[in-house]
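Hi,

Here is the structure I said I would pass on.

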Amino acid sequence: MDQPLRAVDAKKRLRRILQSGVVTYAQPHALEMIRERRLSILDCENVMRAGVVEEAESENGGWRHQVRTQKIVVVIEFLSEEEVLVVTAWRR
């Protein structure tokens, strides 16, 4: 898998994964942060579907994209062509 992806390619891959791939959540960090910040899994998935995907940034040995709406940010990392990892999320 080529990394880093350009934002436009990341958006396409993310849409494919949301349709027929696997979305995982970093445990325990992502799930704790989502709960703590009064977000839900559905909130995160809606942001990934409709949000703006930013260019990749290198962090902790991987390439991460922020996906943003006006109210929420979700940080993702592609693990494969068919799997995306939600690293964390927060309200803006």
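Before the strand details, one definition: two strands count as paired if DSSP finds at least two bridges between them. With that in mind, find Phe-78, which stands opposite Val-84 in strand 6. Do keep in mind throughout that this is a predicted model.

On its other pairing, strand 5 runs antiparallel to strand 4, with five bridges joining them. That pair is a hairpin too, with three residues between the strands.

How many of the residues of strand 5 are buried? Seven of its seven, so to speak a mostly covered strand. Ile-72, Val-74, Ile-76 and Phe-78 point one way, while Val-73, Val-75 and Glu-77 point the other way, and all are buried.

Arg-68 stands opposite Val-73. Leaving aside residues up to four places away in sequence, Val-73 touches Gln-66, Val-67, Arg-68, Thr-88, Ala-89, Trp-90 and Arg-92. If you want a distance to check in your viewer, the C-alpha atoms of Val-73 and Ile-34 are separated by 11 Å, and these two residues are 39 apart along the chain.

Now helix 3, which covers residues 41-50. Which of its residues are buried? They are Cys-44, Val-47 and Met-48. Looking down the helix axis, the buried residues fall within an arc of 95 degrees, so they line one face of helix 3. Leu-42 and Ala-50, on the other side of the helix, are exposed. As for what the buried residues pack against, the list is helix 1 (7-20), strand 1 (22-25), helix 2 (29-36), strand 4 (62-68), strand 5 (72-78) and strand 6 (83-91).

Last, the charges. The structure holds four salt bridges. One of them joins the side chains of Glu-81 and Arg-13, at 3.2 Å from N to O. This pair links distant parts of the chain, with Glu-81 in the loop between strand 5 and strand 6 and Arg-13 in helix 1, 68 residues apart. Glu-81 counts as partly exposed, at 36% relative accessibility, whereas Arg-13 is buried at 7%.

Arg-68, already mentioned as the residue opposite Val-73, also has a salt bridge, this one with Glu-54 (3.6 Å, N to O). Arg-68 is in strand 4 and Glu-54 in the loop between strand 2 (52-53) and strand 3 (57-59), so the pair ties together parts that are 14 residues apart in sequence. Both ends are partly exposed: Arg-68 has a relative accessible area of 24%, and Glu-54 is at 32%.

There is also a salt bridge between Glu-59 and Arg-64, whose closest N and O atoms are 3.5 Å apart. Glu-59 is partly exposed at 41%, while Arg-64 is buried at 15%.

Cheers

Conventions. Residues are numbered from 1 along each chain as its sequence is written. This is a predicted model: local features need pLDDT of at least 70, side-chain atom pairs count only at pLDDT 80 or more; totals for chains, interfaces and linings use all residues. Side-chain values use heavy atoms; hydrogens and water are left out. Buried means under 20% relative accessible area, exposed over 50%, partly exposed in between (1.4 Å probe, protein chains only). Helices (H or I, at least four residues) and strands (E, at least two) are DSSP runs, numbered from the N terminus. The arc is that of the directions from the helix axis to the C-beta atoms. Contact means heavy atoms within 4.5 Å.
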